Amino acid sequence: MIKLRSRKLFKRSSKLGSSTGGCSGNGDVQWELRPGGMLVQKRGCGEEADEAVTVRISTGWNWHDVSIGATASFGELKTVVAMVTGMEPREQRLLFRGKEREDGDHLHMVGVRDKDKVLLLEDPAIKERKLRDMAGSHVVSSRPCHTIIEV
């Protein structure tokens, strides 16, 4: 014989006016709009509203630990990484879990947690353009020297 127990899904509070969510003491539920567009109940007073996570940015041969808000976007992370590495945000490609992430993607929506690793790569098209510009400027600067020597 199998004995089944029924459980209550929702518990009613015996105290009137007590609040389980939000920071208001009058019992009203407070709502917030998340970056993904979802309307959710505000976190309790004991929790931080915007937690900071530490993300390890790996460039292959070295790494940087960066602290940023958990609800920040990858575009905001790129600006912080630009301050640390000196690489412009448009030159950066950020990969998390093997996929390149867009600037509009939010860290918490993708699943970035504290002490997660994000790979930083330089955009190959911009890298190639830089090399072409450097080679072109090198040729231009060496031509006047040759003409002076020939004269």
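Which residue's side chain does lysine 130 meet in a salt bridge? The partner is glutamate 122, at 3.6 Å from N to O. The model is predicted, and this pair is taken up again below.

## Overall layout

The protein chain holds three helices and seven strands. From the N terminus on, the order is β-β-β-β-α-β-β-α-β-α. Of the 151 residues in the protein chain, 24% are buried.

The accessible surface of the protein chain comes to about 11,900 Å². Carbon and sulfur atoms account for 54% of that surface. Contacts between residues at least 6 apart in sequence can also be split by range: 42% of them join residues at least 24 apart.

Strand 3 and strand 4 are antiparallel and share seven bridges. Within this pairing, valine 53 stands opposite isoleucine 68 of strand 4. The hairpin of strand 3 and strand 4 has four residues between the strands. Glycine 60 in that hairpin takes a positive phi near 110°. Strand 5 (residues 92-96) and strand 7 (residues 116-122) also run antiparallel, joined by four bridges. Arginine 93 has leucine 121 of strand 7 as its bridge partner.

## Serine 58

Serine 58 sits in strand 3 (residues 52-58). Is serine 58 buried or exposed? Its relative accessible area is 9%, so serine 58 counts as buried. Leaving aside residues up to four places away in sequence, serine 58 touches Trp63, Lys117, Val118, Leu119 and Leu120.

## The nonpolar core

In soluble globular proteins, nonpolar side chains tend to be buried together. Here the largest nonpolar core has 18 residues. Those with the most contacts inside this core are Val55, Ile57, Ile68, Phe74, Leu77 and Leu107. Strand 3, strand 4, strand 5 and strand 7 each supply at least two residues, and so do helix 1 (74-85) and helix 2 (107-110).

## A nonpolar surface patch

Which residues form a nonpolar patch on the surface? They are Val29, Trp31, Leu33 and Leu39, with about 460 Å² of accessible area together. Valine 29 lies in the segment before strand 1 (31-33). Its relative accessibility is 42%, so valine 29 counts as partly exposed.

## Salt bridges

Side chains of opposite charge can pair when their charged atoms come close. In this model the count comes to eight salt bridges. One of them joins glutamate 32 and arginine 34, at 3.6 Å from N to O. Glutamate 32 is partly exposed at 22% relative accessibility. Arginine 34 is likewise partly exposed, at 22%. Another salt bridge joins lysine 115 and aspartate 114, at 3.9 Å from N to O. Lysine 115 counts as exposed because its relative accessibility is 65%, with the cut-off for exposed at over 50%. Aspartate 114, at 41%, counts as partly exposed.

Back to the opening pair: lysine 130 and glutamate 122 meet at 3.6 Å, N to O. Salt bridges that share partners join Glu91, Glu122 and Lys130 into one network. Lysine 130 is partly exposed, with a relative accessible area of 35%. Glutamate 122 is partly exposed at 27%.

## Aspartate 123

Aspartate 123 lies in the loop between strand 7 and helix 3 (124-150). Its relative accessibility is 22%, so aspartate 123 counts as partly exposed. Where does its chain position lead in space? Aspartate 123 and glutamine 92 are 31 residues apart in sequence, yet their C-alpha atoms are 5.8 Å apart. Not counting residues up to four places away in sequence, aspartate 123 touches Arg90, Glu91 and Arg93. Glu91 also belongs to the salt-bridge network with Glu122 and Lys130.

Terms used
Residues numbered from 1 in each chain as written. Predicted model: local features only at pLDDT ≥ 70, side-chain atom pairs only at ≥ 80, totals over all residues. Heavy atoms only, no water. Pairing = 2+ DSSP bridges. Patch = residues over 30% accessible without salt bridge, like charges linked within 9 Å, V, L, I, M, F, W, Y side chains within 5 Å. Areas by Shrake-Rupley, 256 points an atom, 1.4 Å probe, with all protein chains shown as cover. Salt bridge = Lys/Arg side-chain N within 4 Å of Asp/Glu carboxyl O. Buried < 20%, exposed > 50% of the residue type's maximum accessible area, 1.4 Å probe, protein only. Contact = heavy atoms within 4.5 Å. Core = buried A, V, L, I, M, F, W, Y, C linked by side-chain atoms within 4.5 Å.
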